[in-house]
Amino acid sequence: MSNKSYRHTSDKRAHIPSKEEAGYEKSNNKVREAGERYRLPVNPILHRGQDPELFWMDKYKHDEKIRELLDKLAESKADPETKALVDELRTALTNPPDEAWEEMLDIDIRSLYRTEHIAPELLIEGLAKLVKNERDQGDLFQPNELFGNSLEKDELSKVSDYYTHSDGWSNRMILGDSLRVMTSLLEREGMAGQVQMIYIDPPYGIKYNSNWQMKINDRTVKDGKDEHITEEPEQVKAYRDTWEKGIHSYLSYLRKRLNVAKELLKTSGSCFVQISDENVHLVRNLMDEVFGSENFIRLIFYKTTSGLGQNLLDKCGDYLVWYAKDINEVKYRELFKDKKIESVKDSYGYVEEDGKVQTVHQWEKKNGIELTDDTISKKGKLLKYADLKSQSGSGGEIEIEGKKFVTNSGSWKTNQSGINNLIKENRIYLSGKVPNYKRYHSDFPVMSLTNMWDDTISGGDYKRFVVQTTNQIIQRCLLMTTDPGDLVLDPTCGSGTSAHVAEEWGRRWITIDTSRIALNIAKIRLMSSTFPYFYLQSEVNVERTQNESNEINKKITYKNKSEQLSDTKQGFVYREVPHITLRQIANNLEPETEILYDKPFVDKNRMRVSGPFTVETLQNLNPVSPSEIEAETRDDEEAQKFEEMVYQHLQSAGIKNGIKQEQAVFTSVTGLSNRALHAEGYYNTGDGERKTYFHIGPKFGTVSNESVNEAIKECRAKGDGDWLVILGFSFESEIENQSVTTSLGSFEVTKVRMADDLLQDGLLKKDKKAASFVTIGEPDIEVHKNEDGTVQLEVQGIDIYDPIKNQIKPRNAKDIAYWSVDDEYDGSNFVVRQIFFSGGSKDEFKDIKKDLKDQEKYATKKAVEHTLRIEIDDEAFDRLYGLKSHPIEYKEGKKVAVRVVSQFGEETTKVITL
């Protein structure tokens, strides 16, 4: 087909539950037998003392023991007890037990759930009118096939298939803490030793109030401003847990992830960590401990700016620390940079044209222009004269044109037979008493890439995310250490640059982030991108020729359709350059060539989009059970203070009702000793005072469906409440799929989003006067029936909470980042079949539309031989930025799911039965 993606059909991935099937896996034999914890040595290098060790606070649990003893010593008054404590302390400090150094990393194992299935080819189907011949009908899009036959499973065998049955590969975008996600990949899915490259871009420093983007379509971030601190509960928790003790916590965070990441790497794999000069020395030391100093490959400097105007020595770049899992087995593909004539002309010095040689200066003066790649004639050659003598050896004699040349020190680089071959190829230049070798620029028109990357200042890359890395940096890492079809992992997704680069270059990818905003930016980027179509070795014939100038040409033609294989593992068709040396010419050897792995040949008549990928979520971002909440509240003084703060703000700020635009301010709120109903309160209405019960969700977690059911049960039992309010920062999807307000007997149930003020208490530079609470609106969807029997869905309104302005905005298209439709929803798998950017800038699909139009012209020109005719559906493209869906085939009882994502990454889903 003309619009394609690279699909990795020979690769597999473990079959995992969808979000709708969450919890089913508990009955799976593999899950039951595996246990709930994963243990890994903190120090994987077996022989301690092999490398100097870096110590920091709480690196070992043994440190806690020392502090405990010191505290007891300070509180002790009795002399005998003091003496015993001192002896115990001395032993702990001077002769710790062996197990103190053999500590294990202990991580709970959680499941991953598929929440969305995205294939841009499906989306394009609604943007172009496809007219096919009968023999081309087999190319029609089949979602189940696109996602490796993971969507259509027998209900009886569904549970037993988890983690034991393999689906065809689709790439993965995962929401969750990277440590637990990687652990799940290892333990649940058995992915040890499957990743070829890992790219980690951790926070460079340890400041709290920086580097968080608040909106999907707004990169404005001002460090130190309260309004630009993240609002996402998991991210705030991650920050608090991680940087509480500054650099000590930072190193603990990184070491844990490096330990688990190493287990995922293949023996030939590489790990890159992107870091600034602030902590590069510590990261290098830490990676020595994890990978072993013998597996260190290189410290790469890359330029990011021409200068920042700093007071002392100016900074102009950052670093990549590169380690191999096993340096003796590491995969390495050498990269080259073009050796441009204008950059090297001075070091070469001469130009040869029509057998005559002149200096570069003479050539430029004669022609009145600068010598460059563009101005040198086809017959012209840039050259330099190189010494024929070698520093080693003990003398020797050669003869050139009847003259004998003797060297008393060193030796000649070749013997007389080799000299004769050089003369034959016009490679000898006699100047006075010394013969020279003529080395042409075209002998090797490129130069090897080193660890100094001074050409990486971001210019052409459009930034979607405030801390987005330039494509070129990740691209070089990927091309040096992987081949097409290899798997790349980025546990720090950000804007999805690693995934985008991996997709462009035909690699499989997994990317992870705790931020919903980051993941949604990456999702949009991958859904709407187009890529060059690199010729696959498996689907073409290549005729290779080399001319007198040693230029290598390749004529590429497609094989018969029955012989074509879409196999990325066989690689692309790459450009090659000669690498001609004196030794090859002297010994009459075939000239060597170098493959340019960053310059594959492109089929300009084909359009390529991202391959199928799934969006997934980690179990630990989902429900927190009532018993866990109860234990937390009982044992955690901070949790109790949090509840008290909620009570105060309910009385001062109240709840804004997103439906009626009313504000319920409570005259009193009193805590209850009930695990499901945490407080009761009263508020005034025009008809008098009404009673409310409150269920307060976890401070750093998601309100579970189980918790809500218990609260409803308790409220029904009380019998005197008018309103049950479910307060939370995020809600399990089953709750979000319900109506906002549900009448249950004599009371209503409403879920209410708590504002960031409560979440970030103590982290803001100054407290605001009062936090507020707003109800979360479900999308109001209207179904329109068309004359042709189809239907269209229209988003009539939705109440979106703006955590910056602290208000709700009903039906404002700009507050909706995008919304999507699955018009064949099966109740278990949400497949994105239509998508609309109602709050976008109308740029998301401009590349796809341009490429489709280019194909339209090509199809007209090749009308006789083409099998696919494309007509741009301009109406469909116009709908991309509105609130009305594409037409949907009507079928009674058919389920259609609509998912709306706000600018702040919040999602609400509604299922409609036609």
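Here are some notes on this predicted model, point by point.

1. Ground rules. Residues are numbered from 1 along each chain as its sequence is written, and side-chain values use heavy atoms, with hydrogens and water left out. As the model is predicted, local features need pLDDT of at least 70 and side-chain atom pairs count only at pLDDT 80 or more, while totals for chains, interfaces and linings use all residues.

2. The largest nonpolar core. A nonpolar core here is a set of buried Ala, Val, Leu, Ile, Met, Phe, Trp, Tyr and Cys residues joined through side-chain atoms within 4.5 Å; buried is under 20% relative accessible area, exposed is over 50%, and partly exposed is in between (1.4 Å probe, protein chains only). The largest core has 55 residues, and the members touching the most others are Tyr199, Phe272, Leu320, Trp453, Leu478 and Phe613. Helix 14 (residues 471–481) is its biggest contributor, giving six residues. Helices (H or I, at least four residues) and strands (E, at least two) are DSSP runs, numbered from the N terminus. A separate core of 50 residues includes Met182, Ile200, Leu254 and Phe291.

3. Phe272 up close. Contact means heavy atoms within 4.5 Å. Leaving aside neighbours within four places in sequence, Phe272 is in contact with Met197, Ile198, Tyr199 and Ile200, with Ile300, Val321 and Trp322, and with Cys477, Met480 and Thr481.

4. Strand 10 (residues 265–275) and strand 12 (residues 317–324) run antiparallel and are joined by six bridges, with Gln274 having Leu320 of strand 12 as its bridge partner.

5. Strand 49 (residues 816–822) pairs with strand 51 through three bridges; Ser820 stands opposite Ile835 in strand 51.

6. Helix 12, worth a look down its axis. In this helix (residues 360–367), Val360, Trp363 and Glu364 are buried. Those buried residues fall within an arc of 95 degrees, so they line one face of the helix; the arc is that of the directions from the helix axis to the C-beta atoms. The face turned away carries exposed His361, Lys365 and Lys366. The cover over the buried residues includes helix 11 (341–348), strand 14 (350–353), strand 15 (356–359) and strand 16 (381–387). Just after the helix, Gly368 takes a positive phi of about 70 degrees.

7. Strands 14 and 15 run antiparallel, joined by four bridges, and form a hairpin with two residues between them; Asp354 in the turn has a positive phi of about 55 degrees. Strand 14 also pairs antiparallel with strand 16 over three bridges. Glu352 has Val357 as its partner in strand 15 and Lys381 in strand 16.

8. Two non-glycine positive phi values to check. Glu401 has a phi of about 50 degrees; it lies in the loop between strand 18 (396–400) and strand 19 (403–407) and is exposed, at 69% relative accessibility. Asn426 has a phi of about 55 degrees, lies in the loop between helix 13 (416–424) and strand 21 (428–431), and is partly exposed at 43%.

9. Glu680. This residue is in strand 38 (residues 679–685). Its side chain makes a polar contact with the side chain of Lys691 (3.3 Å). A polar contact is a pair of N or O atoms within 3.5 Å; within protein, one must be able to donate a hydrogen and the other to accept it, and residues adjacent in sequence count only if both atoms are side-chain atoms.

Conventions:
Two strands pair if DSSP finds at least two bridges between them.
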